[in-house]
Every structure is written in C-alpha cells, then in structure tokens.
Amino acid sequence: MNAIAHCVEALYAQDANPITSLMAEEGIRALASSLPVVVSQPDNLDARTEALYGAWLAGSCLGSVGMSIHHKLCHTVGGTYNLPHAETHTIILPHAVWYNHDAVPQAMTRIGHALARTDLSGASPAAALYDLAQKIGAPLALRDIGMKAQALDEAARLATQNPYYNPRPIEYAAIRQLLQNAWEGRRPG
C-alpha cells in the first residue's frame, strides 16, 4: 500500500511529468490487482511477479518526483508516535486521496482508470483504496495500531507546520478531520 501511495502522489506531484504519470497509473493497476492474490495465495508466482513489477514502478516514481500530504502525515504520525510504517501508510492513504480529490480531478481519473482494471472499480478512488486495504486484511484505523485520540490535535499541528507541496492547500481543521477519520477507520468518499 505504501508503494501505491508513491504512485498516487506521483500523479499530482508538483514536478509530475507524462512518463512518471504513465508509470504511476500502471503501478497502481499492477499492485491493486496482485496484492489480494498474493495475500490469499502466497505461493502464486504470477501474482508475486506482478506485485514486484508494481513495486518497481512505484519506486521509480518515488525517485523521480516529490511527495505530498500523504507522506507528510505518515512521516509525522509514524515518526512522532512510533507507529508501524507500512500500516500507517495503508491507513492514511485513502484519507489523503479523499482530501485531494477535488483539487486534482485528472489524477483521480487516472487512479480510477487503474483501479477499474481490477475488481475495485465503481467506488471513488479513496473508497476503492480503503476497500483494497480491507480486502487484504490490513488495519483500517490509526487507533488499531496504537495512536491515541489525545494525540490527534498535536499530530495535525505538526503536520501543518512546514508542509510538503500539496495540490490542495494545507489547512489545520481539514487535516485534523482527516486524522480523526483515519483514527476511527471511516471509509472515505
């Protein structure tokens, strides 16, 4: 899911470009289609190969463009409260996508196209990513991985100080609500 986050944020990075965007869309498709199979059939080499391909594309995207609010939140929350890296990324990703949904319609269309080639189509990109996390048995709420409710105000304050580039303006109240939704494990969009 962290690799999918690299692809998602590459689609609306400040320095996005057509080549990275192609790789990002394909990376989302490859990972979203292969991860459920890898989880349910760990010995399936075709699914593992597809996941590795998607992860390679995601790494290439990460190395080519900057990241946005998703990574800022994960670095802040994970680092400050000692939360597990992969699970933190998995939980926050759908909420960060929902946060940016209206600011980047072309990116949301591309994410939707990538997910439409899996069985996750029909929902908003944010909801589809939440559904993917649920389908693979990943945690869905920050409270389930050790985040305390009383830390949400501080986390929002820290995340809005020196923010990374983001296509939607970073606003304390909206980030605080995003974190509340992620803490509760609400399905976005």
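## Cysteines

Let's start with Cys 61, which is buried at a relative accessible area of 0%. This is a predicted model, and there are 0 disulfides in it. A disulfide is a covalent bond between the sulfur atoms of two cysteines.

Who sits around Cys 61 on the sulfur side? The cysteine sulfur nearest to Cys 61 belongs to Cys 7, at 4.6 Å. The cut-off for a disulfide is 2.5 Å between the sulfurs, so Cys 61 ends up in no disulfide.

Cys 74 isn't in a disulfide either: for this residue the nearest cysteine sulfur is again that of Cys 7, 15 Å off. As for burial, Cys 74 has 4% relative accessibility and counts as buried.

## The largest nonpolar core

On to the packing. The largest nonpolar core is made of 37 residues. Within this core, the residues with the most contacts are Met 1, Ile 4, Val 8, Ile 28, Leu 93 and Leu 115.

The top contributor is α1, which gives 7 residues.

Val 8 makes a handy example. If you skip its neighbours within four places in sequence, Val 8 is in contact with Ile 28, Leu 93, Val 97, Ile 111 and Leu 129.

## A second core

There's also a separate, second core, this one with 23 residues. Among them are Ile 69, Leu 152, Ile 175 and Ala 182.

Note on methods:
Residues numbered from 1 in each chain as written. Predicted model: local features only at pLDDT ≥ 70, side-chain atom pairs only at ≥ 80, totals over all residues. Heavy atoms only, no water. Buried < 20%, exposed > 50% of the residue type's maximum accessible area, 1.4 Å probe, protein only. Core = buried A, V, L, I, M, F, W, Y, C linked by side-chain atoms within 4.5 Å. Helix = DSSP H or I, 4+ residues; strand = E, 2+ residues; numbered from the N terminus. Contact = heavy atoms within 4.5 Å.
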